[in-house]
Structure formats: structure tokens, C-alpha cells
Amino acid sequence: MTRTRSASPVRAVTLCLPDEVFQGGRPDTAGIVRYGEKILAVSDEITDAGYEVQTVRLSSPALDRPLHHDQLHARAARLVEGCRRAGVGSASLGVLRPSALVGLEPADVADVLVTHPSLFLAVLVADGAEVDHAAVAFSGAVVRALAHRDGEANFRFAAVAHLGANAPLFPGSYSDGGEAGVSVGLQSAGPLLARAREAAALDLTGATTLTRSWLHEQLDPLDDLLRPACERHGLLFHGFDPSPACAPDASIGEFLETVGGIRFGSPGTVAACAAVTAGIRSVGLPTVGYAGLMLPVLEDEVLALAWQQGRIDSASVLAYSSVCGAGMDTIPLPASTREHEIVAMIADMAALSARWAKPLSARLMLAPPGADPRRTEFRAEQIINIDYPTA
């Protein structure tokens with residue numbers, strides 16, 4: 001099986017670890033290594049078929065029992081050591097459910113993420129019809145603590161709501177704790193945009209059709225490849241997150257402008273987001289994660305420029321998420337942003353998610369104290385730095 005013409009890079013090949021590796025709260029490093037070797041073997045098969053694999057990851061089960069600082073740190077250290085021995089670059093420590101927060105302070109979570117820069121972590125703030133406001137406040141305090149400790153670390157933390165298990169994309173990914181399985185996400189905004197440019201002028205119905213047919217073209221061969229590969233290595237195949245992930249040089253915002261005939265942030269943006277999401281959600285393959293349209297502001301040059309020019313803000317991005325995708329992702333916040341404002345943004349995301357039972361998250365890029373009040377200064381290569389919009 002070889003890749004399709006103009007195949008998308010594979011953004012993440014993620015192995016979701018079973019509970020057996022974490023029995024007694026002390027991860028079995030040898031078990032993590034064993035599963036790490038399995039997912040690397042699956043990744044090699046994808047690469048041998050002609051695909052570019054960008055990241056290989058491990059994802060841990062959700063944490064739902066009260067933890068204290070030392071337990072969380074021990075779990076993190078053993079997971080990192082297992083990844084190191086296996087040669088896996090990054091891992092999710094899982095999701096902290098509200099019940100796990102009882103013995104923790106926000107500084108404990110910040111400590112773990114600052115100490116282990118290969119780890120990602122999330123807090124679950126809504127998983128039913130009600131928002132857990134204590135978890136919301138906890139998450140806001142983590143964002144603030146991380147900004148004080150390491151201005152880059154908020155890239156690896158999110159507050160999440162209604163996100164199911166076994167998603168491939170970080171942060172927010174966690175395992176269901178059952179048999180080990182694989183999930184995959186693509187970095188597909190670039191090839192999708194190229195297809196839209198080749199097409200004749202589209203209406204919104206055409207945008208839905210183009211998105212659906214293109215995703216089938218991309219995912220069907222991978223599905224045929226992954227099912228037997230996982231079986232050979234004794235793993236389940238959980239499915240794809242078909243969300244078209246972007247990159248600084250591959251804009252989902254430009255795709256929306258092209259198929260919707262709009263300038264991003266203008267009237268018609270919600271309709272364009274809804275039309276593309278309809279295509280994403282009708283692919284008919286096993287899906288996990290957000291399975292919608294992602295709008296990461298600081299990872300997309302069109303979205304970043306729209307924010308800098310004041311054409312979009314956190315409220316409008318959340319409004320777009322009501323019909324599409326992941327919530328408020330890589331939102332730039334100056335250092336002067338107060339903690340109660342951060343908490344309010346997370347609460348808005350959680351309320352929208354709880355009302356419609358849809359997966360959303362908030363990943364808020366708060367600048368550290370003393371940072372330039374006029375411009376973001378993040379160092380990560382996937383982040384696009386911008387001027388903050390003036391009032």
C-alpha cells in the first residue's frame with residue numbers, strides 16, 4: 001500500500017496505553033518501553049508506505065482518583081523514562097478529572113509540565129450537562145502559574161470539555177484504559193487548500209463535498225494500511241481525528257476564505273466553518289477526538305493576522321466553535337490579563353461544550369510577567385508571533 005498523490009503529512013501517531021501499565025499508581029517503565037516499541041514499529045510501516053510521520057506519541061489513561069504532588073511527579077518521571085528508553089518523543093500524562101484535583105494545587109501541575117518539557121496534560125472541566133467550576137478555576141490558576149514559570153509551557157496544557165478518550169492530538173489526549181490502541185491525526189490543511197485552489201469557484205455545498213471527498217482520498221488508504229499493521233503488533237485501531245490540522249505555512253484560515261468567498265472574521269465565517277465541518281463529519285470512517293474544524297490562532301498565519309488586526313477575538317473564535325471544532329486554541333493573552341479573565345474564558349468554553357455536548361478546549365497562551373506588552377514573544381517554531389491588537 002502506497003500513499004496517495006499529494007498525501008498529507010501524518011501529524012501524530014498515538015498509542016493509547018492500557019491501565020495495566022499504571023497499576024498501583026506506579027507506571028511500569030518496562031511496559032511503557034514495550035508499547036513504545038510497538039508504536040514505533042507501526043510508524044515505520046506508515047513511513048515505508050511513503051508518508052511523512054511528524055510525531056509518535058504515547059497517551060496515558062485519565063486520572064480520576066485524588067492525587068498529591070509526589071504521586072503526580074512519580075507518574076510523570078516514569079512515563080518520561082519509558083519514552084526515553086523506547087525513543088518516543090512526547091507523551092500525554094492524561095486528563096485530570098475533577099476528582100483527581102482534591103489533593104493537588106495548580107502549582108503542582110505547573111511543576112510537572114515545567115520539569116518535563118516532553119509531557120502534555122489537561123484538566124477536564126465539563127463532561128456532562130454541568131460545568132465543574134472548581135476545575136475551571138483550577139485550570140485558570142494553572143495557566144497563570146505556567147506563565148510565571150515558563151512562558152512556553154502553556155502550549156502543553158489545556159482545559160478540555162466533552163473530549164472522548166483515545167484522541168491522537170495533544171493536549172487533551174487520554175486513553176480509555178482498555179486494550180492498547182492506535183489513533184492518528186493528519187496535518188492536512190496544506191493539501192486541502194491546494195485542492196481548493198485547483199477547483200472551480202465553490203458554493204458552500206461544494207465546500208462540504210470537496211472536504212468530504214478529499215478526506216476520503218487521504219484517509220481510505222491509511223485505513224487500509226493501519227488496520228492490518230495494528231493487528232500485526234497486537235494493537236487496536238481506534239480511528240482518525242479527521243480535523244485538518246494546520247501549520248504556519250499551511251493555513252486552514254486561507255482554505256476557509258477560498259471555499260467561503262470571505263475574509264476570515266467577516267460575515268459568512270460561521271457559515272463557511274459549518275460547511276467545512278459538515279464535510280469533515282461525514283467521512284464515514286472510525287473517528288476519535290475533535291473530528292471537526294480546528295482554529296489555532298497562533299499556528300495559522302491567516303488567523304494570526306486576523307487576531308492582530310482585531311477582526312477576531314476570543315468571543316468570535318468561540319462562536320465559530322459552536323458550529324465547528326476545538327474551542328479556543330493558542331489564544332494570545334498579554335501578561336496584564338487577570339486571572340479572573342482567564343477563568344471566565346475557560347468557563348465560557350465549558351458552558352458552550354456542556355450545552356451542546358461537543359468536544360471543546362481552551363489552550364491560552366498567556367505571556368509571562370515583564371513580557372513585551374505590544375507583541376507576543378514565543379520561541380516555539382510552530383507559533384506565529386503577532387502584535388497585540390490595540391484597543
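Reader: Why is Arg-84 called exposed?

Author: In this predicted model, Arg-84 has a relative accessibility of 56%. The term exposed requires a value over 50%, so Arg-84 counts as exposed. Arg-84 lies in helix α2, which spans residues 69–86. Its C-alpha atom is separated by 9.9 Å from that of Ser-118, 34 residues apart along the chain.

Reader: Is Asp-329 buried or exposed, and how do you know?

Author: The relative accessibility of Asp-329 is 8%. Buried means under 20%, and Asp-329 therefore counts as buried. Its place is in strand β8, residues 327–333.

Reader: What makes the pairing of the Asp-329 and Arg-363 side chains a polar contact?

Author: The two side chains are joined at 2.7 Å, and the cut-off for a pair of N or O atoms is within 3.5 Å. The value thus meets the distance criterion for a polar contact. Leaving aside neighbours within four places in sequence, Asp-329 is also in contact with Leu-295, Pro-296, Val-297 and Glu-299.

Reader: How do you know that strand β3 is mostly covered?

Author: Seven of the seven residues of β3, residues 90–96, are buried; each of these has under 20% relative accessible area.

Reader: Which residues touch the most other members of the largest nonpolar core?

Author: They are Leu-96, Val-125, Leu-295 and Met-349, in a core of 121 residues. Helix α6, residues 204–232, supplies the largest share of this core, with nine residues. A second, separate core has 13 residues, including Ala-12, Val-160, Tyr-290 and Ala-326.

Reader: What does Met-349 touch, not counting residues up to four places away in sequence?

Author: Among the residues touched by Met-349 are Val-125, Ala-159, Leu-318, Met-328 and Leu-360. The criterion for such a contact is heavy atoms within 4.5 Å. In soluble globular proteins, nonpolar side chains tend to be buried together.

Conventions
Residues numbered from 1 in each chain as written. Predicted model: local features only at pLDDT ≥ 70, side-chain atom pairs only at ≥ 80, totals over all residues. Heavy atoms only, no water. Helix = DSSP H or I, 4+ residues; strand = E, 2+ residues; numbered from the N terminus. Buried < 20%, exposed > 50% of the residue type's maximum accessible area, 1.4 Å probe, protein only. Core = buried A, V, L, I, M, F, W, Y, C linked by side-chain atoms within 4.5 Å. Polar contact = N/O pair within 3.5 Å; in protein donor to acceptor, adjacent residues only side chain to side chain.
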